[in-house]
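The following note sets out points for a colleague who is reading the structure alongside the sequence.

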Amino acid sequence: MAADLDKLFGIDPDAVAKLKELGIATIEEFYDVAKYADSRAELSEKTGADPFKLEEWSSTAGNFILMSNCEW
């Protein structure tokens, strides 16, 4: 189940808009790209987002996905 990118804790609306312009609309899509340092650097260039913020959001996205897949 894909979650909209604006549901990611800590991400700002400007970053969401810029990522959506690149075709990244869900937390899962963001994580697939941002989990690698080289692709985070590329995202930073394309969006103007700080690479360390992208790393933080990527970590949060990974935790979100992990927790979404848990069966309680």
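**Notes on helix packing and the core**

1. The crossing of helix α2 with helix α4 is left-handed. The model under discussion is a predicted one. Helix α2 covers residues 27–34 and helix α4 covers residues 51–68; their axes come within 9 Å and cross at roughly 125 degrees.

2. Which residues form the contact between α2 and α4? From α2 come Ile-27, Glu-28, Phe-30, Tyr-31 and Ala-34, and these meet Leu-54, Trp-57, Ser-58, Ala-61, Gly-62, Phe-64 and Ile-65 of α4. Sorted by class, this contact comprises 9 nonpolar, 2 polar and 1 charged residues.

3. Helix α4 also packs against helix α3, which spans residues 37–47. Here the angle is about 125 degrees, and the axes lie 9 Å apart. That angle makes α3 oblique to α4. The crossing of α3 with α4 is right-handed, whereas that of α2 with α4 is left-handed.

4. In the contact of α3 with α4, the residues contributed by α3 are Arg-40, Leu-43 and Ser-44, and those contributed by α4 are Pro-51, Leu-54, Glu-55 and Ser-58. By class they divide into 3 nonpolar, 2 polar and 2 charged residues.

5. The remaining helix pair to consider is α2 with α3, whose axes come within 7 Å and cross at roughly 110 degrees. That makes α2 roughly perpendicular to α3, as the angle lies within 65 to 115 degrees. Phe-30, Val-33 and Ala-34 on the α2 side meet Ser-39, Arg-40 and Leu-43 on the α3 side. This contact holds 4 nonpolar, 1 polar and 1 charged residues.

6. The largest nonpolar core has 17 residues, of which Leu-5, Leu-8, Ile-11, Phe-30 and Trp-57 touch the most other members. Helices α1 (13–21), α2 and α4 are the elements that give two or more residues to this core. The largest share, 4 residues, is that of α4.

7. What does Ile-11 touch, leaving aside residues up to four places away in sequence? The partners of Ile-11 are Leu-5, Val-16, Leu-19 and Trp-57.

8. Ala-15 is a residue of helix α1. With a relative accessible area of 9%, Ala-15 is under the 20% limit and therefore counts as buried. Ala-15 and Leu-54 are separated by 39 residues in sequence, and their C-alpha atoms are 9.6 Å apart.

9. Are Phe-52 and Leu-66 buried or exposed? Phe-52, a residue of helix α4, has a relative accessible area of 63% and is therefore exposed. Leu-66, which also lies in helix α4, counts as exposed because its relative accessibility is 52%, over the limit of 50%. In C-alpha terms, Phe-52 is 12 Å from Lys-35, at 17 residues along the chain. Leu-66 is 14 Å from Lys-35, C-alpha to C-alpha, with the two residues 31 apart in sequence.

Key. Residues are numbered from 1 along each chain as its sequence is written. This is a predicted model: local features need pLDDT of at least 70, side-chain atom pairs count only at pLDDT 80 or more; totals for chains, interfaces and linings use all residues. Side-chain values use heavy atoms; hydrogens and water are left out. Axes are lines fitted to C-alpha atoms, for helices over the stretch in contact, and angles run from 0 to 180 degrees between N-to-C directions. A crossing is left-handed if the near helix is turned anticlockwise from the far one by less than a right angle, and right-handed if clockwise. Contact means heavy atoms within 4.5 Å. Ala, Val, Leu, Ile, Met, Phe, Trp, Tyr, Cys and Pro count as nonpolar, Asp, Glu, Lys and Arg as charged, and the others, Gly among them, as polar. Angles under 35 degrees count as roughly parallel, over 145 as roughly antiparallel, 65 to 115 as roughly perpendicular and the rest as oblique. A nonpolar core is a set of buried Ala, Val, Leu, Ile, Met, Phe, Trp, Tyr and Cys residues joined through side-chain atoms within 4.5 Å. Buried means under 20% relative accessible area, exposed over 50%, partly exposed in between (1.4 Å probe, protein chains only).
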